[in-house]
Structures are given as structure tokens and as C-alpha cells.
Amino acid sequence: MHFLLIFIVVLGLVSAASCYCCSYIFPSSVYPYVRGGIILVNLSFFPLLLFLGDRKDFFFASPLLTGVSIVFTAEVILLALVGAALLLRRLWHLMNPPIFDSERRELLSKAFLYPAASLALAAYGSGVERKSVVVRNFDIPVEGNFAPFKIAQISDVHLGLFFDLNDLRELMDKTVEEKPDVLAITGDLFDNAAMNREAAEIIDEYADKFPYGIYFCWGNHEYYRNIKKTREYLEKSRIKLLENNAVIVRDGERPLYFAGADYPMERLRFDELRDEYADMALKDIPAEAATVLLAHHPEFIDNAAAKNVLLTLTGHTHGCQIGILGQPIFPVFKYNRGLVRHGNSYGYVHCGNGSWFPVRIGCPPEIACFTLAGKVNK
């Protein structure tokens, strides 16, 4: 409900601002049709996403949703471009007062370039960047005697219309190429009831490729897609589910533990449950251990930092999917993407491998790799 309200507010603001900006670049004879198209696309976007988001039996579902998503994204880009142009024009006029007021729509002599550039960038985000997985590597220092250990993280695959089982195999192959010791999956992978069983089987096929195994924690979307059945699929696999508990991954002078927190599904009790789940997940870990916490929601980073957890791996935000210069355009979360540090405790918000809608700009899907290393006694 929280995300839905944010989405509706953003949609309304984008619609109003887009209609206003388009009045500058389209002639009066065309503008009413443009305004009507903007309203139609925006009103249809979210209902289509809800109705068709899990309907692979509708052969037109993916093209239709992709088309609407591209148009909506182009609208946001258009809004940003025109807004920037209006601001620059205003600044120019303040520094160089015009002798006379020019026509309202003389923002540019070739205003058609704005929508053309916006559509081209949105199409790039759907057809190119959304499918271009990047690998990001981070070094996490560990105090004391600790041999190097490499963790790969994937998150928010969202099986369904825009990420199928072949895509999952390709992602797993690319992850194996990085030669990590272990794979961490931080929720929202099993998002299609018809595909979840086979998805669990595919991931299980790769278990031997990761010397210390594959670990998984629940996201909110597993709850939406028959979590009971998904639990059964996981129990038949070698995927290790962490659900408010912890296990030792590697023994030694400074042992390595993985903990996993469940997703707090009760919105009104979110903070209370977050604290409760974090406490449950971390309670049995010895003080001398190096601990990695898997949790879907990024606010668990705060819980982990309060308990001196070495590294917390999260997802959920998708990096907000559209950004510029590494920063999201709509930063609606406390932690939106990338590495967070609180003292000696690190947290990471994964940009996700799937999508809410099939467009990514300035926020490609990723495989995040973390090398934990400390002094090694010889």
C-alpha cells in the first residue's frame, strides 16, 4: 500500500508537469491530442501492470506493457529535458533581459527534438541497458586473521514477463564466471507461480559451482506468489533458506556466519518486526565471528550496524531503475543503491536483476561481488 500511494502521487505529478511542459513544444493545434495521450498512457500504465504483470498466457502482454512503459519513461525524460531548458532560459533572461517577450512556444526552434530524444533514450533503456548486466567488485576489510572470501550477490530477479527462465540461466552462468566462493540471493526471485518450481531446479543445478553453497532470504514478492509452494521447492533443492536464523559458513580463528532476516509484511508493524527479525537472525552468532546478513529491505542495514555486523546485503529498491550520474531520479527509500558504511559495518543495496517495468536508464542490472579479507597468519 505504501508503494502504491507513492506511485499514484508520482504518476499524478508527472502527468500534470508533462502536460504543462508539452504546452511549450507543441503547437496549439496538436497540443490537445498530446495532452489526451499523456493522460491515457498514464491512467493505463498501473492497471496494465497489475493485470498483465503475471499473464504469460496473453501473447500481447509483454509487448503492450513494454510499449506503455517506454512511452511513460519517455514522458519523464521529456519532462526533465524541457524543465532543464526552461530553467536555463529563465537564468539567461535574468542575466540578459530581453527587449521583448518571445512567444511561449519558442523554447527551441526545433522542439520536435525533445520528444524524439526522449523516446530514443527510453527505447535504449528497454532494449539495451535493461539487458546489460554489469559486475561490481568491492573489498570489505575484516579485522584479524581472515583468509579472503568472495561473495556474489544477485537480487530482485522477478521471474515473469520481463525475466524468463532462459534469462535466469544466463544470469547464473555470468555469476559463476566471477568464481565466487558463495552466492547470496536477497529475495524477490520467485515471482511467478508457474515458473517458481523450475526456477528452483535451475538454481539448484549450479550449487556445485559455488564451493560454500547458495543462500537465500525471502523478499516481499515471494509472499505474493504462493510462498508455501516455493518453500517446498527450496526444501527439495540445495538452496539454503535463511529465515530469521544464522549458520556457520566457514570455520576458523575468526569464523564466518551468514544470517538471514525475513521480510516484514505487516506495513503498520514494519519497524517493530524489522527489529524483531534482525534480533532473531543474529542472536546465536558468537562475538568473534565475521557476520554477513541477508535481508531484502535495505533498512535492515541500520539494524545490522547497531550490532556491528560486518556486511549486510539487501535489495528491494531496484536502484530506482532510472538515474543520472549514479543517483536515482526518484529516491523514495532511505537507502536507494550502492554501498553504505556505518563505522566498520558495511551495507549494500543491490540494483536488482529484474524490473518493476521494463526500462532501466543509468541503473543497469548487476552482479555485486564482495571480497572479505583480513590479515592471514602464516
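Me: At what angle do helix α5 and helix α6 pack, and is their arrangement roughly parallel or roughly antiparallel?
Reply: The model is a predicted one. In it, α5 spans residues 165-177 and α6 spans residues 196-205, and their axes lie 10 Å apart. The angle between the two helices is about 20°. Angles under 35 degrees count as roughly parallel, and α5 and α6 are therefore roughly parallel to each other.

Me: Is the crossing of α5 and α6 left-handed or right-handed, and which residues make the contact?
Reply: The crossing of these two helices, α5 and α6, is right-handed. On the α5 side, the contact is made by L165, L168, R169 and M172. From α6 come E198, A199, I202, I203 and E205.

Me: How much space lies in the second largest pocket, and which residues are closest to its centre?
Reply: The second largest pocket holds about 430 Å³ of space. It is lined by 20 residues. Closest to the centre of the pocket are R254, A289, N308, V309 and L310.

Me: Which element gives the largest share of the lining of the second largest pocket?
Reply: The elements that give two or more residues to this lining are β1 (134-145), β8 (290-294) and β13 (345-349). By type, the lining has 12 nonpolar, five polar and three charged residues. The largest share, three residues, comes from β1.

Technical notes: Residues numbered from 1 in each chain as written. Predicted model: local features only at pLDDT ≥ 70, side-chain atom pairs only at ≥ 80, totals over all residues. Heavy atoms only, no water. 1 Å grid on protein atoms, 1.4 Å probe; cavity = no way out; pocket = protein on both sides within 12 Å on 5 of 7 lines; lining within 4 Å. Points joined across faces, edges and corners; volume = space filled by probe spheres on them. Helix = DSSP H or I, 4+ residues; strand = E, 2+ residues; numbered from the N terminus. Nonpolar A, V, L, I, M, F, W, Y, C, P; charged D, E, K, R; others polar. Axes fitted to C-alpha atoms, helices over the stretch in contact; angles between N-to-C directions. Parallel < 35°, antiparallel > 145°, perpendicular 65-115°, else oblique. Left-handed = near helix turned anticlockwise from the far one by under 90°. Contact = heavy atoms within 4.5 Å.
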